[in-house]
Amino acid sequence: MKTKAGGFLINKKITFKIFSDIWLEKHAKNLAPKTYSESIKLLKVINTYIGDILLPNITPITLTTLYNKIRERGKITKNCDIVPLAEKTIDNYYSLVNRILNKAIEWEYIDKNPNEKVSKPKVIKHKAKYY
C-alpha cells in the first residue's frame, strides 16, 4: 500500500529493518555522534529479532518478546562469561524502538506505536553517596 506524503509516494508495507535504515539516514544523523553510534549498535541486535517484520505487523507482544530475548541473551564479559544485562540497558533498547516507531507515525508509515502498550523497563536509580 502506498500513500502520498510530503509530495512523494511512500510504501507503508516495509520491514522494521528497512524503516530503521531510513530513520538512521534521514533523522539519526542529526543526533550527537555518540548517540548515533550507540543507536547503530543497538539496532544490530534489535534487527536480529524483529528486522524482518513489517511495521504494521509489530505488536506489543512482538516487542515484549524482543525485550525478553535481549534480556536473556545477556552480554559477554572479557572473561567470556555471560552476564545479565542491566535494566538500564534494556531501557535503552526500549527507548530507541519507541523513538523509531514514533517517527514512523510522524512519517505516516503506521497509525499507532505498539511500544506504548509495553511496560517500560524499571530502572533502579541508586542514590549517590556523599562523603
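Does Tyr109 count as buried or exposed, and at what relative accessibility? At 11% relative accessibility, Tyr109 counts as buried; buried means under 20% relative accessible area, exposed over 50%, partly exposed in between (1.4 Å probe, protein chains only).

This is a predicted model: local features need pLDDT of at least 70, side-chain atom pairs pLDDT 80 or more, while totals for chains, interfaces and linings use all residues. Residues are numbered from 1 along each chain as its sequence is written, and side-chain values use heavy atoms, without hydrogens and water.

**Aromatic pairs**

The structure holds three aromatic pairs. Rings of Phe, Tyr and Trp (its six-membered ring) pair if their centres lie within 6.5 Å; planes under 30 degrees apart are stacked, over 60 edge-to-face, the rest tilted. Two of the pairs involve Phe19.

| Pair | Centre to centre | Plane angle | Class |
|---|---|---|---|
| Phe19 and Trp107 | 5.7 Å | 65 degrees | edge-to-face |
| Phe19 and Tyr109 | 4.9 Å | 65 degrees | edge-to-face |

Phe19 lies in helix α1 and Trp107 in the segment after α4, 88 residues apart in sequence. Tyr109 also lies in the segment after α4, 90 residues from Phe19. Helices are DSSP runs (H or I, at least four residues), numbered from the N terminus. Phe19 is buried at 0% relative accessible area. Trp107 is partly exposed at 24%. Ring pairs link Phe19, Trp107 and Tyr109 into a cluster.

**Helix contact**

Phe19 also belongs to the contact of α1 with α4 (heavy atoms within 4.5 Å). There, Phe16, Phe19, Ser20 and Trp23 meet α4 residues including Leu96, Arg99 and Ile100.

Terms used. Helices (H or I, at least four residues) and strands (E, at least two) are DSSP runs, numbered from the N terminus.
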